[in-house]
Amino acid sequence: MEVKWNDLKSMTLEELTEAVEESGEKKFRAKQIYGWIHQKLIRKPEEMTNVSPGMINKIIKAHPFYGVEEVERLESKIDGTQKFLFSLHDGNIVESVLMKYHHGNSVCISSQAGCRMGCRFCASTLLGLSRNLYPSEMLDQIYAIQRATGERVSHVVVMGTGEPFDNFDALSRMIRILCSPEGLNIGHRNITVSTCGIVPKIYEFSDTNPQITLAISLHAPNDEMRKQLMPVANRYSMEELMEAARYYTNTTGRRITFEYSLVNGVNDRKEHAMELISRVKGMNCHINLIPVNPIKERDYKQSTQNNVAAFKNILEKHHIQVTVRREMGRDIQAACGQLRKSYKERSGNV
Ligand code: SAH
């Protein structure tokens, strides 16, 4: 059953309409309020100039106005990527990234404060999970960045800190609001959700027939190696995961993305590329190779450029669609969770 989020920005237009009517106000007020929040992207309820203060008070009493507040912003000198640190109403910190591409502005958001998945190479999980984010807190990362830059956000990737399928109901609701015509009206095709591979949720997600791009973090061609890198591999076998991936492509007709972080001497050999090919052969997929971004707490090193190129070549020879992810914001700790962790260390909050 879906949790009922009670805060204003997490409410769907239908719920807001119900709440407005219950408070004795006219129905059209709900659409007005929803527009202020999700299109005009107000920072405070008082900014709703055509709604009476009395009514704002009434609504806010029942439905608090949660969002995010910028506490730090870094801009990469290399590629203009911007990293934002936001605080939440309870003092938790999350991070988001703005990447500017020729096709538009893409925002990478966090789905949880921290993460409990324990992937070995990832900084986001080192301090564990603080809590799930509300739909409003995911949305407001996008809204705050659009407000701060004055530029439209056209693409959203749920690939920041956290495991989106570990916060599934909030994610679904966030997407619904984000794509609503009365909100930012972002198309499914401009959204990517990345999961470490929570198999039952891949099925549940597929069954809603989203036209959203699903990315699965694979990082290894077999169970044994995957278990060393990602504890979630102890819960779901590679075979189960690939079956779920096939279900997604068959149900939605969409190409699936596999993320594969290349770690020097661990998963980057020719035989690993061959094994990976045997796993994905015949599937409507694309492989995104990511030279691992080393974190100081772990001893994983990036594959050499030669090894990355050789790995890519093998896949290409076997007609697998593959790209090497352009590294963005290296100089501003843009790897998953690095900035949040260093902020918490700096502020003595670990
Ligand atoms: N929990 C989700 C989304 C967040 S992580 C998932 O696992 O997919 C986003 C992507 O970055 C994942 O593919 C993750 O494995 C990868 N990643 C995390 N830390 C990394 C690092 N230090 N170097 C390279 N990729 C990393």
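Me: Is Ser-96 buried or exposed, and what is its relative accessible area?
Reply: In this predicted model, Ser-96 belongs to strand β3, which spans residues 93-101. A residue counts as buried when its relative accessible area is under 20%. Ser-96 is therefore buried, its relative accessible area being 0%.

Me: With which side chain does the side chain of Ser-96 make a polar contact?
Reply: Leaving aside neighbours within four places in sequence, the residues in contact with Ser-96 include Gln-82, Lys-83, Phe-84 and Phe-86. Cys-108, Gln-141 and Ile-145 are also in contact with Ser-96. The polar contact, at 2.8 Å, joins the side chain of Ser-96 to that of Gln-141.

Me: Which residue forms a salt bridge with Asp-140, and where does that residue lie?
Reply: The closest N and O atoms of this salt bridge are 2.8 Å apart. The pair links distant parts of the chain, 131 residues apart, with Asp-140 in helix α4 (residues 135-149). The partner lies in the segment before α1 (13-22), and it is Lys-9.

Me: Are Asp-140 and Lys-9 buried or exposed?
Reply: The cut-off for a buried residue is a relative accessible area under 20%. Asp-140 has 2% relative accessibility and so counts as buried. Lys-9, at 1% relative accessibility, likewise counts as buried.

Me: Which residue is linked with Lys-9 and Asp-140 in a network of salt bridges?
Reply: The structure holds 17 salt bridges, among them the one between Asp-140 and Lys-9. These two residues are also part of a network of salt bridges.

Me: Why does the salt bridge of Glu-151 and Lys-100 tie together separate parts of the sequence, and how many residues apart are they?
Reply: The side chains of Glu-151 and Lys-100 meet at 3.3 Å, N to O. Glu-151 is partly exposed, with a relative accessible area of 33%, and Lys-100 is partly exposed with 33%. Because Glu-151 lies in the loop between α4 and β7 (153-158) and Lys-100 in strand β3, the tied parts are separated in sequence by 51 residues.

Me: What arc do the buried residues of α10 cover around the axis?
Reply: The buried residues of α10 are Val-308, Phe-311, Ile-314 and Leu-315.

Me: Against which elements do the buried residues of α10 pack?
Reply: Helix α10 (residues 305-317) has 13 residues and reaches 18 Å from its first C-alpha to its last, close to the 18 Å expected. Just after α10, His-319 takes a positive phi of about 60°. The buried residues of α10 pack against β10 (256-262), α9 (270-280), β11 (285-291) and β12 (321-324).

Conventions. Residues numbered from 1 in each chain as written. Predicted model: local features only at pLDDT ≥ 70, side-chain atom pairs only at ≥ 80, totals over all residues. Heavy atoms only, no water. Helix = DSSP H or I, 4+ residues; strand = E, 2+ residues; numbered from the N terminus. Expected span 1.5 Å × (residues − 1). Buried < 20%, exposed > 50% of the residue type's maximum accessible area, 1.4 Å probe, protein only. Contact = heavy atoms within 4.5 Å. Polar contact = N/O pair within 3.5 Å; in protein donor to acceptor, adjacent residues only side chain to side chain. Salt bridge = Lys/Arg side-chain N within 4 Å of Asp/Glu carboxyl O.
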